[in-house]
Amino acid sequence: MVDSYAFYKDKLESEYLRIFDKVELYCIASNTPSEVLEERLMELIDILLVAQKEEREVKSIVGTDVERFCRDFIGEAEAGKIILNTATIIKRLSIVALVFVFLDVIIAVREGQSFFEMKNEMAPLLLGGLMGAFFSILWGFIYRKYLFSYKFATMKTFTISSFILIFGMAILDVALCKWLSIEIKSWMVLLNAAIYLVGYYIWRAKRYPKIKQPKNEVKFSDMVVEESKKQRVGAFEKKNAKLEKKGKKLITDKEFTEKRRKYNKQSLFMNNWGWVVFVVIVALFALPAFNKGVNFDSVLYVVILCVVEFVVYNFFRKSMSEVAIWEKELLDECDARGIGMIECLKEKEGQYEE
């Protein structure tokens with residue numbers, strides 16, 4: 001079973017789902033650390049699924065005051081959460097600053113300048129990031145304290161309003177970059193960012209020793225596999241719904257399984273030989289850079305291109321590989337048991353619900 005509440009949320013119905021959405025909203029608006037969020041909401045969804053199966057009222061679990069239940073359920077100091085999340089945001093900004101400093105080093109090497117004399121205009125960018133972090137935390141506080149009890153206060157409205165806020169901060173940041181010009185020595189940015197990052201990790205380890213990434217951390221590839229399971233069943237039902245509407249013969253589970261077997265062979269082939277496509281694409285973009293000979297700019301361009309393309313390629317290759325291997329194992333199990341893919345998937349789904 002994949003250890004993430006997001007995969008089981010759609011099993012909840014009516015009032016159980018509404019209450020879960022409210023608790024999830026409260027946790028996110030409270031800036032609850034992601035690892036704590038996953039752990040606590042997974043516990044809650046297990047409780048609600050059992051209650052739903054036994055047809056017990058939601059009030060028997062959360063009581064009449066949902067907001068109070070949320071506070072008790074999370075059980076963490078509000079100030080501590082805000083400090084932790086603010087510190088984490090500044091950490092990310094420090095990492096961004098180091099990336100810009102790295103680019104300054106490249107320019108310094110290329111133009112023969114002294115790195116210690118180089119200046120940049122990162123102040124508006126960092127100021128915009130800090131403003132965005134502050135207003136995001138403030139909006140979460142307002143939403144939780146003053147809007148949470150209203151019916152319109154849902155994850156959907158909170159997400160949309162947060163997106164509008166972030167978009168507004170981005171526009172403000174562009175204006176700052178255009179009108180506010182503050183030059184900072186690159187070495188000062190490097191020094192301050194490095195000192196902060198070292199201090200952050202030491203403080204985080206001492207102040208929050210129990211908040212660590214879980215060993216069974218949910219990966220993107222796991223999410224893709226889980227979504228593929230739903231997609232296979234959905235595709236089968238959608239196909240038959242169309243055939244039924246046209247008055248044609250419905251496709252059987254066995255026929256659908258055979259079609260998936262053909263696609264799976266193609267996926268496994270691409271998984272083994274996809275690197276050839278990667279090499280060809282990189283070569284097509286890299287070779288023109290050497291038309292005027294080999295120089296620092298052309299070599300730097302190719303190195304950056306290879307790094308970026310490899311990261312993108314490896315990201316998708318790993319996810320698609322997990323899906324292809326999962327489907328191959330599922331098809332082998334279907335063959336061994338003499339059943340179709342849809343029947344096998346629904347059996348596995350039923351095992352969790354039981």
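## Salt bridge R260–E327

In this predicted model, R260 forms a salt bridge with E327, with the closest N and O atoms 2.9 Å apart, where a salt bridge is a side-chain nitrogen of Lys or Arg within 4 Å of a carboxyl oxygen of Asp or Glu. R260 lies in helix α10 and E327 in helix α11 (residues 296-337), so the pair ties together parts that are 67 residues apart in sequence; helices here are DSSP runs (H or I, at least four residues), numbered from the N terminus. Both R260 and E327 are buried, a class set at under 20% relative accessible area, with exposed over 50% and partly exposed in between (1.4 Å probe, protein chains only).

## Salt bridge R261–D335

A salt bridge also joins the side chains of R261 and D335, at 2.9 Å from N to O. Because R261 lies in helix α10 and D335 in helix α11, this pair ties together parts that are 74 residues apart in sequence. R261 is buried, with a relative accessible area of 15%, whereas D335 is partly exposed at 46%.

## Salt bridge E347–R337

The closest N and O atoms of E347 and R337 are 2.5 Å apart in their salt bridge, which links E347 in helix α12 (residues 341-353) with R337 in helix α11, 10 residues apart. E347 is partly exposed at 30% relative accessible area, and R337 is partly exposed at 41%.

## Basis of the values

Residues are numbered from 1 along each chain as its sequence is written, and side-chain values use heavy atoms, with hydrogens and water left out. As the model is predicted, local features need pLDDT of at least 70 and side-chain atom pairs count only at pLDDT 80 or more, while totals for chains, interfaces and linings use all residues.

Definitions and conventions. Helix = DSSP H or I, 4+ residues; strand = E, 2+ residues; numbered from the N terminus.
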